[in-house]
Amino acid sequence: MMSNEAKENFVLLIVDDNAENLKLLVKTFQKENYTIEYTDNGKAALDFINKKPFDLILLDINMPEIDGFEVCKAIRSQSKFKNVPIIFISAESDRENIIKGFELGAQDYVTKPFERRELIARVKTHLALKRNVEKLAELNQLLEEKVLKRTSLLSKALEKAEESDRLKSAFLANVSHEIRTPMNGIVSFVELLKKPGLSGEKQKYYIDIITQSGHRMINIINNIVDISKIESGAVNIKIQKTHLNQILNYLYDFFKIKCSKKGIEINYSGDLTDDECIIDTDKDKLVDSLTNLIDNALKYTNEGTINFGYHCVGDTIEFYVSDTGIGIAKEKQAIIFERFVQADSSLTREYEGAGLGLSIARAYIEMLDGRIWVESKLNAGSTFFFTLPLKKSGNYEPEISSPQRLSNTLQPINILIAEDDLLSIQYFKEIFSDEKVNLFFANNGKRAVEIVNEIPEINLVLMDIKMPIMDGNEATRQIKKIKPKLPIIAQTAHAMSGDKEKLEMVGCDDYIVKPIKEDLLFEIINKYITN
Ligand code: ADP
């Protein structure tokens, strides 16, 4: 087998046992700049096709031993040659053989003696056809891959949509259950409370249940508000100097009574001394996250111990909250951080909750460049870990007060604003928008008294004096009768001398002059809330 290289990319294989013919063919196509491979027998042709690639074959039919038909069959038997054109070279008289050749899979034939220009044109056409067929096949392949990819994306999206639909339904079922249960508690125990001749002890018991139910409702509503804020991107990070040991202390004080009521021991520890433990982070989000985890530890533990605290690990702080509770099955450990997901989603589940606490904690921690995970064993207990970057802060100034903001309380402050002027209401909404408060509004004194009755969690009232139906003086008198210790701050339009004394007579604890200055208002609220 001899070979002859040319610049053209196409390789032509020419097979003919007639030396004259072969020479002529080779010469003809060399001139056309093809790469030419040629041989004068069928056996060498068969050897060649199994070793080297080629784009077209010009094949003589009548050859001794292995003829053109055999070679044609061998080519067509391999799928890799399915697009390679086979052109038979035959004698004028060879009609029958030409038909047989077509039946065996040849594309064309030329008769000897051949017309040079016609043969070149035929070869060119078949090569162009071959190239187009291959391109089409390539495009087809690409298209198929794209379709497959799209189909898989679509089916994933569909799965996700179905999953999110399922979660939404589960969430709605859960939330309505979570709200309805305490609501039923409130409504039915209020009815019981109306019964005449109840003993003081019974009254106190009923009121305790109503208060607990109210807390439970506020808790779930706060969770829903938090998750909506997270999802709409409305949560801002407020980095401030944060005293870790103080936070642990707060949380310990906050949870120790609840724990001891359930017979559970609670301990805490931190690696750093009081002087070293001040870091720059979002204190509220850190406290919220730890509160959520300890709340869960308490909820899902019936006996044993809760330990919480932090260790320094390289340039991060690793917080932990561990319990000896019911534990979480391995396959549930990753998904419980998704919103609305609970390890036990059965209708008969034992523990209340909407499945939002951990997703809120995870969102906060990730916003602060940390990560959260759990290690747990069913019926043995769980340890939740999360990290925060260890960004040590220099000097600690516990009250950063420029401009004056509300003190950081563990729970949001519930403020009732009795006000009938829409612009003032808007103003309050604005100035409290970055604070950890829940605002309640009453547009007259009568409604303010009702709200204080309905919502025992109200911590403070901002009372406008001039209001329709019932003015602020009368409302204050009535509220003080029900709740003498609830701080009421009057908002007065004119600070005339003697106003303050008058307000104290009707029972307000303090007053602030309109137009209200934000920092002065915060200062007054801080005075009553921290007290
Ligand atoms: P919720 O407690 O309101 O259901 P969370 O998002 O706080 O929602 O927790 C999701 C789920 O993770 C819970 O329903 C519970 O199944 C599981 N879980 C969370 N904390 C613990 C824990 N300390 N021990 C056992 N299971 C837990």
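This is a predicted model: local features need pLDDT of at least 70, side-chain atom pairs count only at pLDDT 80 or more; totals for chains, interfaces and linings use all residues.
View 1. Lys-204 counts as exposed because its relative accessibility is 52%, whereas Asp-208, with a relative accessible area of 34%, is partly exposed.

**View 2. A salt bridge between Asp-55 and Lys-130 links distant parts of the chain.** Here the closest N and O atoms are 2.8 Å apart, although the two residues are 75 residues apart, with Asp-55 in the loop between helix H2 (42-51) and S4 and Lys-130 in helix H5. Asp-55 has a relative accessibility of 15% and therefore counts as buried, and Lys-130 is likewise counted as buried, at 6%. The structure holds 20 salt bridges.

**View 3. Lys-194 and Glu-191 meet through their side chains in a salt bridge.** The N to O distance given for this pair is 3.0 Å. Lys-194 is exposed, having a relative accessible area of 59%, while Glu-191 is partly exposed at 45%.

**View 4. Leu-136, Leu-139 and Leu-142 make a nonpolar surface patch.** The patch covers about 320 Å², and one of its residues, Leu-136, lies in helix H5 (residues 116-193). Leu-136 counts as exposed because its relative accessibility is 57%.

**View 5. Strands S4 and S5 run parallel and are joined by 4 bridges.** Asp-60 stands opposite Ile-89 in S5, and strand S5 (residues 86-91) is mostly covered, with 5 of its 6 residues buried.

**View 6. An open sheet of 5 strands, paired in parallel, has the order S15-S14-S16-S17-S18.** Strand S15 (437-442) and strand S18 (510-513) stand at the edges, and because each has a single partner strand, one side of each is left without a neighbour in the sheet. From one strand to the next, the twist averages 20°. Strand S17 (residues 488-492) is joined to S18 by 4 bridges, and Ala-490 stands opposite Tyr-511 in S18.

**View 7. Helices H10 and H11 lie across strands of this sheet.** Helix H10 (residues 422-431) lies across strand S14 (413-418), S15, strand S16 (460-464) and S17, and runs at about 175° to S15. Helix H11 (residues 445-454) lies across S14, S15 and S16, running at about 135° to S15.

Definitions and conventions:
Residues are numbered from 1 along each chain as its sequence is written. Side-chain values use heavy atoms; hydrogens and water are left out. Two strands pair if DSSP finds at least two bridges between them. Axes are lines fitted to C-alpha atoms, for helices over the stretch in contact, and angles run from 0 to 180 degrees between N-to-C directions. Contact means heavy atoms within 4.5 Å. Patches are made of residues with over 30% relative accessible area and no salt bridge: like charges are joined within 9 Å, nonpolar side chains (Val, Leu, Ile, Met, Phe, Trp, Tyr) within 5 Å. Accessible areas come from the Shrake-Rupley method with a 1.4 Å probe; for residues, only the protein chains shown count as cover. A salt bridge is a side-chain nitrogen of Lys or Arg within 4 Å of a carboxyl oxygen of Asp or Glu. Buried means under 20% relative accessible area, exposed over 50%, partly exposed in between (1.4 Å probe, protein chains only).
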